[in-house]
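Please look through the sequence and the structure shown here before reading the explanation that comes after them.

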Amino acid sequence: MAKEIEQRFPYPVVVDNDVNAAAVGESWIGAATEQKSFVLMALGTGVGGAVVVDGALIHGHQGGEGDLSHLIIIPGGAACNCGQKGCLEQYASGTALNRHAREIASDWDSRRLVEASMLGDAQARKVIDRFVANLAVGLINVQRMLDPDLIVLGGGLIEARNSGWDALLQAVTVHTNLKLCLQPALLGNRAGIIGAARLAMLADKMQ
Ligand SMILES: [Zn+2]
């Protein structure tokens, strides 16, 4: 696609996905300016991932490196649209949280679930605890596999995290002795566009 566009415009063109661009943004002026190797996990409607090693985005053999959403965390679990069962995305995304909320009451959504949990509703608390535990297991697997200096967590769920951040750090310690360095993303929903600008700047320098 980049070559096609370059033939029509007198500028270098870079094409990448939104999470990779967000990782470049966080690396440039966000949460990961000090780290050469880090992972960005974006928790929104789905789960997105980007892997940066020694300052470079890793795109992988099938362009799937960093596609953390389809790590299997519950064998035989919920069916995923990738064809597997039990993928992280089915347990640690906004879509998953909405689904869990509807399992308690058909008119609940994730916001209502979180509110009920914070007000001490035992059933809601249990669902949130399970959500956080599943996310923690996903993060531990990422740390084990890639051993990054840092995992940056971004996306809509993190921006609305309220008291969930401390619960997540706590859940990680329940499941591992491994030291994880976790930081919330700093650039919010501007990370992608800032990173895209940075990618274009870097491409221009290479010309
Ligand atoms: Zn999947």
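Predicted model: local features only at pLDDT ≥ 70, side-chain atom pairs only at ≥ 80, totals over all residues.

Strand β1, which covers residues 38-43, pairs with β2 in the antiparallel sense over six bridges, and the two strands form a hairpin with three residues between them. Within this pairing, A42 has G48 of β2 as its bridge partner. Strand β2, at residues 47-53, is mostly covered, since six of its seven residues are buried. On to the next strand, β2 and β3 run antiparallel and are joined by two bridges, with V53 standing opposite A56 in β3. The hairpin of β2 and β3 has two residues between the strands, and D54 there takes a positive phi near 50°.

The zinc ion has as its protein donors H70 through ND1 and C80, C82 and C87 through SG, at 2.0 to 2.3 Å, and along the chain these donors follow the spacing H-x9-C-x1-C-x4-C. H70 and C87 are 17 residues apart, both in the loop between β3 (56-57) and α3 (89-92), and the pair links distant parts of the chain. The arrangement is tetrahedral because the four donor atoms subtend angles of 103 to 120° around the zinc ion. With a relative accessible area of 22%, H70 is partly exposed, whereas C87 is buried at 0% relative accessibility.

On the surface, M1, I5, F9, Y11 and V15 form a nonpolar patch, with about 560 Å² of accessible area together. One of these residues, F9, has its place in the loop between α1 (2-6) and α2 (18-29), and F9 is partly exposed, with a relative accessible area of 48%.

Conventions:
Residues numbered from 1 in each chain as written. Heavy atoms only, no water. Donors = N, O, S within 2.8 Å, 3.2 Å for Na, K, Ca; no water. Tetrahedral: all angles 85-135°; square planar, octahedral: opposite > 155°, others 65-115°. Helix = DSSP H or I, 4+ residues; strand = E, 2+ residues; numbered from the N terminus. Buried < 20%, exposed > 50% of the residue type's maximum accessible area, 1.4 Å probe, protein only. Patch = residues over 30% accessible without salt bridge, like charges linked within 9 Å, V, L, I, M, F, W, Y side chains within 5 Å. Areas by Shrake-Rupley, 256 points an atom, 1.4 Å probe, with all protein chains shown as cover. Salt bridge = Lys/Arg side-chain N within 4 Å of Asp/Glu carboxyl O. Pairing = 2+ DSSP bridges.
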